[in-house]
Amino acid sequence: MNNFLTSVYNKIIKQSKKKFFFDNFLIPDSTWLRLEVFQLNLIIILWYMNTSKVEKKKMESIILYFLKDLEYLLRESGEADSRIPKKTRALVENFYGRLSVYSESFIKLVNKEKCDLEKRLKLNFNSSKIDYSKLEKYTKKNVLYFSKLKKDDFINMSFDFVE
């Protein structure tokens, strides 16, 4: 992965580790919910890259890097080597499902149509402790921010997430 894509990926990681997800949105601090936060931020970036016509090759590179990270996460969490391909496949299928559903919701949001974003967040995060209205507000702010972001600002790394 080139320097630009590594920088984008690292920016997503940095954003996903911010304390407000766990302190303000009340997301329980577990490996799987941290992964869920990361996936949400990654999907926002991938959605932006797709809608702004950033080269598909760049999107594919970020996804491949993420898939390698998933395998590493499973190894780090103590998963047996024989189970890693099956678990990875399940996580990848879930990710692509989320990518499709969230992207659909983001398009509706930008087009000012009714979208079921909070319902999707509840389904994917699956925790009664989370303040979903704050998580939905965060997601909407970022989708709207990225929907107006100029492609050159993205390419030049002149962007950040809205908190």
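This is a predicted model: local features need pLDDT of at least 70, side-chain atom pairs count only at pLDDT 80 or more; totals for chains, interfaces and linings use all residues.
Biologist: Thanks! Which residues in H1 meet H3?

Modeller: From H1, the residues are Leu5, Val8, Tyr9, Ile12, Ile13, Gln15 and Ser16. On the H3 side they meet Val37, Phe38, Asn41, Leu42, Ile45 and Met49. Sorted by class, that contact of H1 with H3 has ten nonpolar residues, three polar ones and no charged ones.

Biologist: And at what angle do the axes of H1 and H3 cross?

Modeller: Roughly 140 degrees, with the axes of H1 (residues 3-16) and H3 (residues 31-51) coming within 8 Å. An angle over 145 would count as roughly antiparallel, so H1 is oblique to H3. The crossing of these two helices is right-handed.

Biologist: Nice. What about H5 and H6, how do their axes cross?

Modeller: H5 spans residues 84-110 and H6 spans residues 117-125; their axes cross at roughly 160 degrees and come within 10 Å. That makes H5 and H6 roughly antiparallel to each other. Their crossing is left-handed.

Biologist: Who makes the contact there, from H5 and from H6?

Modeller: H5 contributes Arg98, Val101, Tyr102, Ser105 and Phe106, and H6 contributes Leu117, Arg120, Leu121, Asn124 and Phe125. By class, the contact of H5 with H6 has six nonpolar, two polar and two charged residues.

Biologist: Switching to H4: which of its residues are buried?

Modeller: Lys58, Met59, Ile62, Ile63, Phe66, Leu67, Leu70 and Leu74 are the buried residues of H4. They pack against H1, H3, H5 and helix H8 (151-155).

Biologist: How far apart are the end C-alpha atoms of H4?

Modeller: They are 30 Å apart, which agrees with the 30 Å that its 21 residues (56-76) should span at 1.5 Å a residue. Just after H4, Gly78 takes a positive phi of about 90 degrees.

Biologist: Where do Leu26 and Asn126 sit?

Modeller: Leu26 is in the loop between helix H2 (20-23) and H3, and Asn126 is in the loop between H6 and H7. Leu26 is partly exposed, with a relative accessible area of 42%, whereas Asn126 counts as exposed at 67% relative accessibility.

Biologist: And Ser127, is it buried or exposed?

Modeller: Buried, with a relative accessible area of 14%, and buried here means under 20%. Ser127 is in the loop between H6 and helix H7 (132-148). Leaving aside neighbours within four places in sequence, Ser127 is in contact with Pro28, Leu33 and Tyr132.

Biologist: Last one: what does Phe146 touch?

Modeller: Not counting residues up to four places away in sequence, Phe146 touches Ile44, Ile45, Trp47, Tyr48, Phe159, Asp160 and Phe161. Phe146 is found in helix H7 and is buried, with a relative accessible area of 0%.

Biologist: How far apart are Phe146 and Tyr48 in sequence and in space?

Modeller: They are 98 residues apart in sequence, while their C-alpha atoms are 6.2 Å apart in space. Ile45 also links two parts of our chat: Phe146 touches Ile45, and Ile45 is one of the H3 residues that H1 meets.

Notes:
Residues are numbered from 1 along each chain as its sequence is written. Side-chain values use heavy atoms; hydrogens and water are left out. Axes are lines fitted to C-alpha atoms, for helices over the stretch in contact, and angles run from 0 to 180 degrees between N-to-C directions. Helices (H or I, at least four residues) and strands (E, at least two) are DSSP runs, numbered from the N terminus. Angles under 35 degrees count as roughly parallel, over 145 as roughly antiparallel, 65 to 115 as roughly perpendicular and the rest as oblique. A crossing is left-handed if the near helix is turned anticlockwise from the far one by less than a right angle, and right-handed if clockwise. Contact means heavy atoms within 4.5 Å. Ala, Val, Leu, Ile, Met, Phe, Trp, Tyr, Cys and Pro count as nonpolar, Asp, Glu, Lys and Arg as charged, and the others, Gly among them, as polar. The expected span of a helix is 1.5 Å times one less than its number of residues. Buried means under 20% relative accessible area, exposed over 50%, partly exposed in between (1.4 Å probe, protein chains only).
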